[in-house]
Amino acid sequence: NALSQSDAIAQVSAALMYAASRYNAFALQAQSGDLADHKDEALEYLSTQYKKMCHENIEIISSASAGA
């Protein structure tokens with residue numbers, strides 16, 4: 001949150017998404033041993049989870065801003 005005050009919000013958002021995707025690729029490789037064999041399933045799982053998290057946070061933030 002502090003970074004968004006000094007840098008463009010879009011840049012901070014892009015950096016966080018890239019870092020999360022990089023770490024998740026690393027974690028999946030560490031768990032499966034061969035990420036290439038599970039690429040489609042991994043992408044589907046991560047995409048679904050990200051969509052759920054975004055939906056939840058959009059609801060929370062929009063509710064909070066509506067009450068302000």
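The model is predicted, so local features need pLDDT of at least 70 and side-chain atom pairs count only at pLDDT 80 or more, while totals for chains, interfaces and linings use all residues. Residues are numbered from 1 along each chain as its sequence is written, and side-chain values use heavy atoms, with hydrogens and water left out.

I noted that a pocket is an open set of points on a 1 Å grid over the protein atoms alone, where a 1.4 Å probe fits, with protein on both sides within 12 Å along at least five of seven lines, and that lining residues have an atom within 4 Å of a point.

I then went through the lining, which has 21 residues, with Leu16, Met17, Ala20, Tyr50 and Cys54 nearest the centre of the pocket. Helix H2 (9–32) and H3 are the elements that give two or more residues to this lining, and H3 supplies the largest share, 12 residues. Helices here are DSSP runs (H or I, at least four residues), numbered from the N terminus.

I checked Tyr50 next: this residue lies in helix H3 (residues 39–67) and is partly exposed, with a relative accessible area of 43% (between the limits of under 20% for buried and over 50% for exposed, 1.4 Å probe, protein chains only).

Finally I looked up the whole protein chain, which has 3 helices and 0 strands, and of whose 68 residues 4% count as buried.
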